[in-house]
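Please look over the sequence and the structure shown here; the report that follows discusses helices, their packing, the domains and some backbone angles.

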Amino acid sequence: MSYEGKMLKDLKMPTRKEVEEALLKSLFYNNGIIKEFGAGEEIVDEIANEFNLNKEQRNIYLETIYKKENRLKKSSLWHRLLFRAADNLAKEKLVSRPSLTFIITNKKEWMLTEDGYDKALKLLSIPNNEKEILPVKSYEVQRIVKKINDQEIPSEYNPIEPNKIYTVSKEAKLRKRGFRFAIVEAYKYQCAICGLKLFSPNNLQWEVQAAHIVPHSLNGKDDIWNGLALCRLHHWTFDVGWFSLEDNFHVIASNKIHSIDNIYGIRGTYNFFEHISNEKLFLLLPDNQHHHPHITAIKWHRENIFCK
Ligand SMILES: [Zn+2]
């Protein structure tokens, strides 16, 4: 047995396999991403806590002779174990390495891949279809998000995809999740109409939804210019045409609101109809102008969905 192997055994350190599983779970609870392990990085202690490691287990160093320069090299046993586990997960394509993730996020981070995500869900006994709503990122989906964000606005934008193919393929599912991430992140998890920002108490779901301006069912594109982040109330009321937008993003309310009984649209002190008919109501837009909805999509909604 190697010197390191003996140390691991004598100190009763967790096995590499156990650390791999802890890493996958930790990645899941950190929305799919953890920083590269460095000294003083919170995640290093967080996973050590999972195993209730004592002071010695956390702090012991392994001393090896660095042959080239004939000097002693000290490295933390726990760091080495953690790194080996992550390295093995990368070899099995369950995580992406910091050097690879960097191309997408510009940060040196470990990120779950779709296979790693599936494995984490299995370890945590969470049904796989929850992927549709969980905020956990994966390498494959983030690649799509990057593509959506980096796209140049075409000179003649059409929010409708003429030959949209309806499949339930893996790729279509990934694209759907990519759209959702791109939109809600551009709008900082806030409803573009009322500004509501709300997470579930376990931090695993957000209230805001990614809405298509030209609906998905009518071949609306899954890109940033055909999307809006809306709370459930404003998503539904937008989809059925209670309100729409002018080209300058001013909110306009359907004329039908004048003939509706005043028992409708009330929630405590909030009056939906009063709110959307306020002359000063404008869409809360992403900071990045490039991510604003396209006027072609808005015009289409005004002409085809909005109930004048
Ligand atoms: Zn809202």
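Lys188, which follows α9, has a positive phi near 50 degrees. The model is a predicted one, in which local features need pLDDT of at least 70 and side-chain atom pairs count only at pLDDT 80 or more, while totals for chains, interfaces and linings use all residues. Residues are numbered from 1 along each chain as its sequence is written. Helices (DSSP runs of H or I, at least four residues) and strands (DSSP runs of E, at least two residues) are numbered from the N terminus.

Positive phi values also occur at two further residues, Tyr189 and Asn106, neither of them a glycine. Tyr189, with phi near 65 degrees, is found in the loop between α9 and β6 (209–212). Asn106, with phi of about 65 degrees, has its place in the loop between α6 and β5. Burial is judged from the other C-beta atoms, placed from the backbone, within 10 Å of a residue's own: 20 or more make it buried, 12 or fewer exposed, and a count in between partly exposed.

| Residue | Other C-beta atoms within 10 Å | Class |
|---|---|---|
| Tyr189 | 16 | partly exposed |
| Asn106 | 9 | exposed |
| Lys9 | 11 | exposed |

Lys9 lies in helix α1 (residues 3–10). Although Lys9 and Asn226 are 217 residues apart in sequence, the distance between their C-alpha atoms in space is 57 Å.

Which residues of α9 are buried? They are Arg177, Gly178, Phe179, Arg180, Ala182, Ile183 and Ala186, and they pack against α8, β6 and β7 (227–230). The expected span of a helix is 1.5 Å times one less than its number of residues; the 17 residues of α9 should therefore span 24 Å, and the end C-alpha atoms of α9 are 24 Å apart, in agreement with that value.

For α8, the 12 residues should span 16 Å at 1.5 Å a residue, and here too the end C-alpha atoms agree, being 16 Å apart. The buried residues of α8 are Tyr139, Val141, Gln142, Ile144, Val145 and Ile148, and what covers them includes β4 (95–96), α6, β5 (109–112) and α9 (170–186).

Two packed helices are described by the angle between their axes and the distance between the axes. Axes are lines fitted to C-alpha atoms, for helices over the stretch in contact, and angles run from 0 to 180 degrees between N-to-C directions. The axes of α6 (residues 98–105) and α8 (residues 139–150) come within 9 Å and cross at roughly 30 degrees. Thr101, Ile104 and Thr105 of α6 make the contact with Tyr139, Gln142, Arg143 and Lys146 of α8, where contact requires C-beta atoms, placed from the backbone, to lie within 7 Å. By class, this contact has two nonpolar, three polar and two charged residues; Ala, Val, Leu, Ile, Met, Phe, Trp, Tyr, Cys and Pro count as nonpolar, Asp, Glu, Lys and Arg as charged, and the others, Gly among them, as polar.

On the scale of the chain, there is a division into domain 1 (3–137) and domain 2 (157–304), with bounds that come from an automatic or database domain assignment. The centres of these domains, taken over C-alpha atoms, are separated by 39 Å. Six residues of domain 1 are in contact with five residues of domain 2, and the side of domain 1 that touches domain 2 comprises three nonpolar, no polar and three charged residues.

Note on methods: Contact = placed C-beta atoms within 7 Å.
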